[in-house]
Amino acid sequence: MDATIHKQDATLRQSANLRDYFAVYDSFSWDVARAELDGLPGGGLNIAHEAVDRHVGHGHGGQVALRWLGKDGSRQDITYAELAAASNRFANVLRSLGLGRGDAVFGLMGRRPELYLGALGILKNGSVFSPLFSAFGPEPLKARMTIGDARALLTTDTLYNRKVAAWRGELPRLEQVLLVRTTDKPLPEGCIDLAAAMAEAPDDFTVADTQPEDRALLHFTSGTTGKPKGAIHVHGAVVAHNITGRYALDLHPGDVYWCTADPGWVTGTSYGIIAPLTNRTTMIIAEAEFDVERWYGILQNEKVTVWYSAPTAIRMLMRAGKEAAQRFDLSGLRFLASVGEPLNPEAVVWSQETFGRPFHDNWWQTETGGIMIANYAAEDVKPGSMGRPLPGIVAGIVERDPQGGVQEITTPMAMGELALRPGWPSMMRGYLNEEERYKKCFADGWYLSGDLAMRDSDGYFWFVGRADDVIKSAGHLIGPFEVESALMEHPAVSEVGVIGIPDETAGEVVKAFVGLKPGYAPDEALRKELLGHARKRLGPAVAPRDIAFRTNLPKTRSGKIMRRLLKARELGLPEGDLSTLESDELR
Ligand code: ATP
Ligand code: MG
């Protein structure tokens with residue numbers, strides 16, 4: 001059966017930014033994309049200038065840039081002009097404290113306006129912004145700030161007292177701590193009251209004369225496969241943020257856009273701060289955590305037009321059922337996209353049925369800095385596929401050879417490593433302090449992603465699994481995604497993680513860990529039914545040999561299933577770096 005979702009809606013096709021994929025792909029040039037931005041006098045480029053000041057300069061200062069929805073029900077609208085002035089004041093504070101070009105300034109905060117204006121102020125000052133997830137414990141914070149050579153930290157008094165004060169003295173280079181006051185407690189020693197400092201700072205600031213290759217961002221990877229790596233990005237990346245936001249997320253000026261990712265991760269910065277602003281949308285920032293009713297309420301009440309989310313959240317919405325969505329008027333939604341993990345075909349079909357629009361899966365990594373492969377507004381969606389490479393991006397499927405080189409495989413649907421031709425502006429410029437590891441990512445003119453995928457004859461890419469997660473069973477290579485997606489089709493299943501476990505005859509056999517939807521009991525009858533369902537869908541060679549029920553699967557704080565941890569626990573092996581683990585049932 002052809003499950004393709006055809007985009008027949010003529011008006012949608014006409015209004016899409018990317019109407020003719022092949023024509024744009026074939027004629028695309030990064031220089032032309034760069035020329036759409038202002039730049040700075042003398043050839044410079046600064047992310048924050050392009051995100052905010054450019055629009056003010058072009059007469060759009062009165063448009064709302066950020067609409068903040070506080071946990072306590074408060075709301076605050078900040079226009080482009082106000083954001084320009086506030087980020088200028090922040091930059092003036094940094095400059096007055098002696099912080100300058102290349103200095104790493106970390107941000108540790110929930111989704112509050114100060115984090116956003118702070119990030120922009122840091123970039124205006126030519127300093128390097130490094131976001132930290134606010135739910136990290138003291139150890140992961142200290143580790144990241146130590147390797148990142150933190151010179152300053154922007155946080156709240158509550159987070160500082162709870163997570164940083166005890167070890168701050170061990171980081172002598174961490175000179176300045178700027179605090180947002182959220183309590184009436186006295187200001188902790190050695191810290192600066194941000195509101196007071198900003199009140200005295202001037203509104204005017206001359207943006208640092210940053211060059212495209214100057215460092216701008218330091219992002220730590222999610223830690224799904226091991227110890228997180230620090231990926232370095234430059235100001236030139238804004239060219240990619242801007243154009244990929246326009247093509248892959250279909251952002252139009254004036255869109256009401258909601259990215260549900262936290263700015264503690266790369267998605268929450270590239271597409272939760274930079275791309276939506278460079279494309280002059282009004283961004284929704286929701287401080288509170290996930291909640292089905294609240295999320296649908298935000299989509300309805302704020303009339304969100306473009307929504308960027310992630311598979312784990314989508315699976316939680318599916319678990320709540322279509323009825324939960326039908327109580328809200330979501331007719332304002334024009335474009336839905338997903339990233340971070342493979343998006344099961346079942347979720348795409350569910351979305352089409354529930355919202356009248358599919359979620360558009362797209363693929364990228366912390367390392368790539370921006371979206372590389374996507375499903376587009378005006379193009380047909382094949383559920384389960386990540387889509388096609390962005391204009392400006394050359395992607396291929398390659399195979400490593402024993403000499404350390406790679407060969408491209410062009411046969412349709414042949415499995416290999418997903419690789420990209422370097423040269424797009426948001427590519428990382430290195431892993432912090434890990435030169436060797438960085439070098440190992442390249443061979444024969446390709447950047448090797450570490451993910452396995454296939455490409456079909458229409459040029460759509462299909463995710464198979466991370467190279468580390470692929471299961472080798474009786475001579476077959478089995479991608480966990482295929483097995484997980486088959487189990488997701490069963491009405492009882494709400495989430496699945498699949499791993500390989502050692503087996504004397506087959507080498508490895510497949511084991512699935514399954515979370516159930518409300519109303520289903522984890523009993524033997526259901527286990528047998530699921531095993532039977534999988535065998536019917538996948539055949540005995542690929543179907544799981546065993547299924548175990550779990551109320552919660554171990555996930556990163558950004559919501560990714562940690563298969564390595566399922567495996568370590570199953571086999572009694574060391575658990576490795578757990579700094580990004582969300583608390584699960586075993587912790
Ligand atoms: P670490 O590198 O520390 O193990 P991580 O790879 O999860 O963590 P990120 O850079 O946040 O860190 O995630 C990128 C990875 O997420 C991709 O390499 C891929 O494995 C997965 N991913 C992202 N988007 C998709 C997608 N649309 N489909 C399938 N997998 C995806
Ligand atoms: Mg990775």
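In the predicted model, a polar side-chain atom of Gln365 is placed 2.9 Å from an oxygen atom of ligand 1. On its own, ligand 1 has 630 Å² of accessible area, of which the protein covers 96%. Further polar contacts to oxygen atoms of ligand 1 involve a polar side-chain atom of Thr225, at 2.4 Å, and an N or O atom in the side chain of Lys229, at 2.9 Å.

Ligand 1 is surrounded by 23 residues, the closest being Ser222, Gly223, Thr224, Thr225 and Thr366. By class, the shell consists of six nonpolar, ten polar and seven charged residues. Strands S14 (359–363) and S23 (461–466) each contribute at least two residues to this shell, and S14 gives the most, with three.

Salt bridges number 41 in the structure. One of them joins the side chains of Arg246 and Glu36, with an N to O distance of 2.7 Å. This pair links distant parts of the chain, 210 residues apart: Arg246 belongs to helix H10 (residues 237–248), and Glu36 to the loop between helices H3 (30–35) and H4 (47–57). Glu36 is partly exposed, at 38% relative accessibility.

Within helix H4, Arg54 and Glu50 lie four residues apart, about one turn of the helix. Their side chains form a salt bridge at 3.1 Å, N to O, and both residues are buried.

A salt bridge of 3.4 Å, N to O, connects Lys511 and Asp546. Because Lys511 is in strand S27 (residues 507–516) and Asp546 in strand S28 (residues 546–549), the pair ties together parts 35 residues apart in sequence. Lys511 is buried, at 8% relative accessibility, whereas Asp546 is partly exposed, at 26%. Both residues belong to a salt-bridge network that also includes Glu524, Arg527, Lys528 and Glu570.

Methods: Residues numbered from 1 in each chain as written. Chains lettered and ligands numbered in written order. Predicted model: local features only at pLDDT ≥ 70, side-chain atom pairs only at ≥ 80, totals over all residues. Heavy atoms only, no water. Near = heavy atom within 4 Å. Polar contact = N/O pair within 3.5 Å; in protein donor to acceptor, adjacent residues only side chain to side chain. Areas by Shrake-Rupley, 256 points an atom, 1.4 Å probe, with all protein chains shown as cover. Nonpolar A, V, L, I, M, F, W, Y, C, P; charged D, E, K, R; others polar. Salt bridge = Lys/Arg side-chain N within 4 Å of Asp/Glu carboxyl O. Buried < 20%, exposed > 50% of the residue type's maximum accessible area, 1.4 Å probe, protein only.
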